[in-house]
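I opened the notebook to go through this model piece by piece. Below are my entries, in the sequence I made them.

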Amino acid sequence: MKKCSIMLSVLAMLCSSMTLQIISVSALEAATMEEMYMQNQETQEFPDSSATYTKAVENNLEFRLYADYAVLTKCNDREVTAVEIPAEINGLPVVGAIDTPFGYCRKLQKITLPDSFEHFVWYDLICTTVQSINTGSVGAHSGVIQIAAVDAEDETLIPSVSEVVISETNPFYTTVDGVLYTKDMKTLIGCPPAKEMQSLNIPEQTERIGDYAFVGCYHLENAVIPSNITHINNGAFAVCINLKSIAFPKHITSISGDMCYNCESLSDITFNGDIDTIGYGAFRKCSALETFEIPDTVIYIGSSAFEESGCFENINDIYYVDNWVVGSAEEIENADIREGTIGIAEGSFFTRNQMRTINVPASVQYLNYIVFAQLTSQQISRMDYHCPVITEKAIAAAKSTKDFYIYDPECEIFDSEKTIPAQYKYIEYVESDEDYGTLIDGKFYKESNVYNDVIIHGYAGSTAQAYAEKYDRQFEVIEDNVIKGDANADGKFDVSDVVAVQKWLLSVPDAALPDWKAADLCQDGVLNALDLSILKRRLLYPDVPDMPVEKLV
């Protein structure tokens with residue numbers, strides 16, 4: 001087996017195991033950071049962190065005892081190969097597990113669950129390779145979990161659990177071929193990571209694959225997901241290091257977060273349905289994924305979806321996959337997004353505090369959630385938008401920006417005063433409590449308001465002006481110094497303008513001209529083949545004066 005070292009950070013939903021928040025089994029199917037946040041807000045905490053408890057130990061297993069139930073928290077026998085979790089302790093039913101109880105049991109192969117056992121995260125239950133847990137504050141990075149393959153000559157670890165056993169009388173779950181399902185067989189809860197299984201064999205009655213169901217299954221090489229599966233939850237195939245190909249069925253139109261995180265051998269991905277969303281971290285660290293064509297139906301790509309994968313290209317510190325921006329270098333200063341880009345993924349320029357300029361071309365159709373956020377260095381003060389849309393929360397947290405230039409007269413600006421805020425609230429570090437600070441983790445913080453004196457710049461009669469007047473923002477008219485021929489409104493006249501006009505005249509699907517009037521060189525209020533002819537002549541002979549229109553007719 002090839003040598004590999006894979007680090008799985010406890011972020012997003014995985015951090016629930018460290019902060020004592022247990023997500024209900026198979027409850028997650030989030031693709032965006034906003035969806036994930038909302039699910040965290042709506043999920044009932046178990047056990048309640050404010051509830052009192054005592055501790056008990058039995059057969060090297062540690063438990064927390066609450067008023068009506070007990071939960072497993074730790075196994076102290078690091079050499080154990082098989083564990084049977086008791087149905088009760090001190091008269092209380094054992095209903096679940098938290099805190100990755102077998103994280104240091106590196107020889108554990110078999111876990112037997114009692115009929116009372118209902119509440120757990122699959123990853124928590126089967127993880128046997130925790131390297132370190134550094135508990136931090138709630139909401140912060142709280143730990144690191146490592147899953148790794150092994151060479152015969154070294155001591156690198158692999159997940160060891162190959163069997164999870166339940167009784168036939170278990171009211172919650174059942175097993176088929178060693179894989180755990182809900183009692184009604186509609187949800188596949190999880191496959192033991194050390195189980196020898198090279199391809200999927202999922203029953204017809206199963207409709208959902210649960211959270212991290214196949215996490216760490218290092219024998220799995222091919223995953224053809226059957227058509228009866230209509231939902232696949234977060235991280236379902238994360239850290240399957242030998243997974244080479246995966247095919248999603250027609251009914252799957254959204255790829256959930258962390259879907260194939262760190263599948264380092266994955267090189268072949270097939271979508272049989274019309275995919276509209278690729279979730280956060282979905283193909284992060286898929287180093288063998290050297291080519292990837294984003295489907296035309298995609299309108300949203302989550303944060304870090306392709307980070308450290310083999311398919312993105314770095315152009316001037318902006319990371320592209322196909323015709324999407326999917327991220328940027330931390331040290332980026334000038335975000336001049338290339339023409340032809342149709343989308344900017346969630347958080348692509350999040351906390352890029354060295355940025356000085358941002359230029360969004362007219363070709364961009366999709367600005368995802370918090371594209372520009374936490375830009376607090378005070379270096380950036382201006383954003384230039386040539387694109388036809390500004391979505392609800394794309395720029396709402398670009399805190400130091402004062403001047404917004406909106407060049408498309410008909411730009412669709414989401415109708416909310418928060419789309420381009422007049423002020424911001426943020427937490428800043430202060431020296432001591434004398435500055436009205438609150439002590440958090442040994443440092444003092446306070447909440448501050450930032451008043452930016454925001455100015456929206458646009459054309460007279462534009463949607464930018466209407467937005468500014470509706471929400472009492474300063475507005476300044478952009479002087480009509482249109483560059484003749486600059487039909488795509490990118491600030492220059494070149495071959496891309498000629499191509500854009502030609503496509504528009506030929507009615508090519510999705511062809512767009514943000515400023516067609518700039519190409520109306522006949523100045524007759526109509527854009528036609530005569531204008532195109534003048535454009536071509538001007539491109540070929542830039543120093544030759546235009547011929548009178550009547551001579552061209």
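**Entry: hairpins around β3**

Which residue takes a positive phi in the hairpin of β2 and β3? I found asparagine 59, with phi near 50°, in a hairpin that has 2 residues between the strands.

I noted the ground rules at once: the model is predicted, local features need pLDDT of at least 70, side-chain atom pairs count only at pLDDT 80 or more, and totals for chains, interfaces and linings use all residues. Residues are numbered from 1 along each chain as its sequence is written, and side-chain values use heavy atoms, with hydrogens and water left out.

I looked up the pairing next. Strand β2 (residues 54–58) and β3 pair in the antiparallel sense over 5 bridges. Strands count as paired if DSSP finds at least two bridges between them. Glutamate 58 has leucine 61 of β3 as its bridge partner.

On to β4 (residues 70–75). This strand runs antiparallel to β3, and 5 bridges join the two. The hairpin from β3 to β4 passes through 4 residues. Here glutamate 62 has lysine 74 of β4 as its bridge partner.

I then checked burial, where buried means under 20% relative accessible area, exposed over 50% and partly exposed in between, with a 1.4 Å probe and protein chains only. In strand β3 (residues 61–65), 4 of the 5 residues are buried, so the strand is largely enclosed by the rest of the structure.

**Entry: whole-chain totals**

I counted 6 helices and 37 strands in the protein. Helices (H or I, at least four residues) and strands (E, at least two) are DSSP runs, numbered from the N terminus.

Of the 553 residues, 50% count as buried. The protein exposes about 25800 Å², and carbon and sulfur atoms supply 47% of that area. The areas come from the Shrake-Rupley method with a 1.4 Å probe; for residues, only the protein chains shown count as cover.

I also looked at contacts, meaning heavy atoms within 4.5 Å. Among those between residues at least 6 apart in sequence, 46% join residues at least 24 apart.

**Entry: helix α3**

Which residues of helix α3 (residues 463–470) are buried? I list Ala464, Gln465, Tyr467 and Ala468. Seen down the axis of α3, the buried residues fall within an arc of 160°, so they line one face of the helix. The arc is taken from the directions from the helix axis to the C-beta atoms.

The face turned away from the buried side carries the exposed residues Glu469 and Lys470. The buried residues of α3 pack against β31 (403–406), β32 (412–413), β36 (455–458) and β37 (474–477). Just after α3, aspartate 472 takes a positive phi of about 55°.

**Entry: aromatic rings**

I searched the whole structure and got 17 aromatic pairs. The rings of tyrosine 405 and tyrosine 407 have their centres 6.3 Å apart and their planes at 20°, so this pair is stacked. The rule: rings of Phe, Tyr and Trp (its six-membered ring) pair if their centres lie within 6.5 Å; planes under 30 degrees apart count as stacked, over 60 as edge-to-face and the rest as tilted. Tyrosine 405 and tyrosine 407 are both buried.

Ring pairs link Phe248, Phe271, Phe283, Phe292 and Phe306.

Then I looked for charges over rings, which require NZ of Lys or CZ of Arg within 6 Å of the ring centre and within 35 degrees of the ring normal. The charged end of arginine 78 sits over the ring of tyrosine 104, 4.5 Å from its centre. For arginine 338 the ring is that of tyrosine 320, with the charged end 4.0 Å from the ring centre.

**Entry: an open sheet**

I traced 5 strands in an open sheet, ordered β11-β12-β13-β14-β16, with mixed pairing. What stands at the edges? I noted β11 (173–176) and β16 (231–232), each with a single partner strand, so one side of each is left without a neighbour in the sheet.

Strand β14 (residues 208–209) pairs with β16 in the parallel sense over 2 bridges. Arginine 208 has histidine 231 of β16 as its bridge partner.

**Entry: two loop asparagines**

Asparagine 90 has a positive phi of about 55° although it is not a glycine. I placed asparagine 90 in the loop between β6 (88–89) and β7 (92–97). Its relative accessibility is 61%, so asparagine 90 counts as exposed.

Asparagine 316 also has a positive phi of about 55° without being a glycine. I placed asparagine 316 in the loop between β22 (313–315) and β23 (318–321). At 65% relative accessibility, asparagine 316 counts as exposed.
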